[in-house]
Amino acid sequence: MPRPNIDVFGQCIMCGTSLIEERVIDGKVVTVFKANRTETTYLLSDGSQMKVAMCKKCKESLDGTESAYVMKAVVRGWQHELETYSDWKQEQKDKYMGVYGKKKIVVRSDNKQKDVLTKHFNEYKVKEAKLKKDK
Ligand SMILES: [Zn+2]
């Protein structure tokens with residue numbers, strides 16, 4: 001399946017497959033997560049953790065090379081969501097994306113111990129500082 005290139009609620013970020021369904025419970029239609037839905041967590045360059053919705057099949061086949069794609073798709077999702085904020089001025093939107101659009105994935109974090117993550121994060125910061133210096 002082709003990659004959707006954007007993070008949309010209720011969809012797998014990797015393959016676009018639907019992760020939600022409507023069910024009738026007690027006579028009301030409710031949106032529930034399907035059994036194939038799971039999440040993958042990434043450590044970001046500002047030290048925060050980001051959860052991304054995926055189907056179980058895609059999560060099983062992750063090899064670490066997906067992180068640049070995932071970040072791009074998430075940022076596109078944020079941008080798309082911002083466009084629906086009609087009460088926000090363009091200036092506010094630019095400022096928001098100036099902060100959030102700069103976040104980067106350091107490493108996938110839900111399959112790593114805390115000390116390993118700290119090591120990755122410190123290495124990332126050293127690399128980042130060196131890049132800034134070389135500019
Ligand atoms: Zn998938």
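## Exercises on a sheet and its helices

Strand 3 and strand 4 form a hairpin with four residues between them, and Gly 47 in the turn has a positive phi of about 90°. Helices (H or I, at least four residues) and strands (E, at least two) are DSSP runs, numbered from the N terminus. The structure is a predicted model: local features need pLDDT of at least 70, side-chain atom pairs count only at pLDDT 80 or more, and totals for chains, interfaces and linings use all residues. Residue numbers start from 1 along each chain as its sequence is written.

**Exercise: inventory**

State how many helices and strands the protein chain has, and in what order the elements run from the N terminus.

Solution. The count comes to four helices and five strands. Read from the N terminus, the order is β-β-β-β-α-α-α-β-α. As for extent, the C-alpha atoms fill a box of roughly 60 × 40 × 30 Å along the principal axes.

Work out the strand order of the open sheet of three strands, and say which strands stand at the edges.

Solution. Start with the pairs; two strands pair if DSSP finds at least two bridges between them.

- Strand 3 (37-44) and strand 4 (49-55) pair in the antiparallel sense over seven bridges. In this pairing Thr 41 stands opposite Lys 51, and Leu 43 stands opposite Gln 49.
- Strand 3 also pairs with strand 5, again antiparallel, over three bridges. Here Tyr 42 has Arg 108 as its bridge partner, and Leu 43 stands opposite Val 107.

The order is 4-3-5. Strand 4 and strand 5 are at the edges with a single partner strand each, so one side of each has no neighbour in the sheet. The twist averages 40° from one strand to the next, where axes are lines fitted to C-alpha atoms (for helices over the stretch in contact) and angles run from 0 to 180 degrees between N-to-C directions.

**Exercise: helix 2**

Find which residues of helix 2 are buried, and which exposed residues lie on the face turned away from them.

Next the burial test: a residue is buried if 20 or more other C-beta atoms, placed from the backbone, lie within 10 Å of its own, exposed if 12 or fewer, and partly exposed in between. Val 70, Met 71 and Val 74 are the buried residues. Down the axis of helix 2 they fall within an arc of 95°, so they line one face; the arc is that of the directions from the helix axis to the C-beta atoms. An α-helix has 3.6 residues a turn, so residues three or four places apart point the same way. The face turned away carries the exposed residues Ala 68, His 80 and Glu 83.

Trp 78 is also in helix 2; with 15 C-beta neighbours inside 10 Å, it counts as partly exposed.

Solution. Contact means that the C-beta atoms of two residues, placed from the backbone, lie within 7 Å.

A nonpolar core is a set of buried Ala, Val, Leu, Ile, Met, Phe, Trp, Tyr and Cys residues joined through C-beta atoms within 7 Å. The largest has 16 residues, and Val 52, Ala 53 and Val 70 are among those with the most contacts inside it.
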